[in-house]
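Hi everyone, thanks for coming. Today I'd like to walk you through one protein chain, step by step.

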Amino acid sequence: MPADNRGNSESGWRFPNVPYFWFIFPGLLAYTILFIWPTIRSFYLSLYDWSGRGPLGPIVWEQNFRNIAHSDKFWQAAGNSFRLFIFIFIFQNTISLGLAILLNRRGAATHFFRVIIFLPQIMSAVATGIIWVIMLDPIIGAVNPFLADIGLESFQRQWQSDPAWALRT
């Protein structure tokens with residue numbers, strides 16, 4: 001069998017020949033910007049004597065961590081977080097697993113309970129749709145009066161029945 005040489009070139013690895021990279025790149029970029037960079041920056045700032053405003057003070061290295069280790073508030077917060085984690089881990093996961101096992105069995109009320117559990121997922125979309133219908137209503141809606149208040153009367157219309165604004169198929 002011939003070796004698969006996709007993605008290799010004379011000079012090494014090439015990104016255009018790795019199509020899956022472009023699918024995971026936006027997620028990796030967002031994860032780096034929203035999680036990894038703030039974590040690294042927070043650790044860097046924790047090494048300084050800094051009030052949170054103004055210029056950085058002198059570097060104190062691990063002294064901030066020593067101060068936290070001797071703080072009663074820190075240990076109280078850590079204990080509360082640990083208790084919350086245990087409560088969520090034990091009760092939430094146990095109840096969720098138990099419900100999943102019960103709903104996986106055949107029974108008379110299985111479909112009813114599946115609907116009850118899934119109903120909040122549907123209700124938020126329904127509520128959002130109803131709110132938009134009311135907001136865009138030409139008589140009682142909030143959009144047309146807002147446009148009139150800011151001097152854009154020419155943009156007022158019957159949003160839900162105007163063929164120019166309807167979804168095109």
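This is a predicted model: local features need pLDDT of at least 70, side-chain atom pairs count only at pLDDT 80 or more; totals for chains, interfaces and linings use all residues.

Let's start with helix 1. Along the way, helix 1 bends by about 40° at Thr32.

Which residues of helix 1 are buried? They are Phe21, Leu45 and Ser46. And what covers them? Part of the answer is helix 2, residues 63–69, which is included in the cover over the buried residues of helix 1.

Let's zoom in on Ser46. You'll find Ser46 in helix 1, which runs over residues 19–46. Is Ser46 buried or exposed? Its relative accessible area is 19%, and buried means under 20%, so Ser46 counts as buried. Setting aside residues up to four places away in sequence, Ser46 touches Trp61, Asn64 and Phe65.

Now let's step back to the whole chain. How many helices and strands are there in the protein chain? There are 5 helices and 2 strands. Reading from the N terminus, the order is β-β-α-α-α-α-α. Of the 169 residues in the chain, 8% are buried. The chain exposes about 14900 Å², and carbon and sulfur atoms supply 69% of that. As for contacts with a separation of 6 or more, residues 24 or more positions apart account for 5% of them.

Next, a question about charges. How many salt bridges does the structure hold? The structure holds 1 salt bridge. In it, the side chains of Arg66 and Glu62 meet, at 2.6 Å from N to O. Arg66 is partly exposed, because its relative accessibility is 43%. Glu62 has a relative accessible area of 38%, so Glu62 is partly exposed too.

Our last stop is helix 4, residues 110–136. Helix 4 has 27 residues and reaches 39 Å from its first C-alpha to its last, close to the 39 Å expected at 1.5 Å a residue. Where does helix 4 bend? It bends by about 45° at Leu119, and a proline, Pro120, follows within four residues.

Two residues in helix 4 deserve a visit. One is Thr110, which has its place in helix 4. With a relative accessible area of 9%, Thr110 is buried. Leaving aside neighbours within four places in sequence, Thr110 is in contact with Leu103 and Arg105. Arg105 comes up again here: its backbone oxygen lies 3.1 Å from a polar atom of the Thr110 side chain.

The other is Ile131, also found in helix 4. Is Ile131 buried or partly exposed? At 49% relative accessibility, Ile131 counts as partly exposed. Ile131 and Gly141 are 10 residues apart along the chain, and their C-alpha atoms are separated by 9.6 Å.

That's the end of my tour.

Technical notes: Residues are numbered from 1 along each chain as its sequence is written. Side-chain values use heavy atoms; hydrogens and water are left out. Buried means under 20% relative accessible area, exposed over 50%, partly exposed in between (1.4 Å probe, protein chains only). Contact means heavy atoms within 4.5 Å. The expected span of a helix is 1.5 Å times one less than its number of residues. The bend at a residue is the angle between axes fitted to the seven residues ending there and the seven starting there. Accessible areas come from the Shrake-Rupley method with a 1.4 Å probe; for residues, only the protein chains shown count as cover. A salt bridge is a side-chain nitrogen of Lys or Arg within 4 Å of a carboxyl oxygen of Asp or Glu. A polar contact is a pair of N or O atoms within 3.5 Å; within protein, one must be able to donate a hydrogen and the other to accept it, and residues adjacent in sequence count only if both atoms are side-chain atoms.
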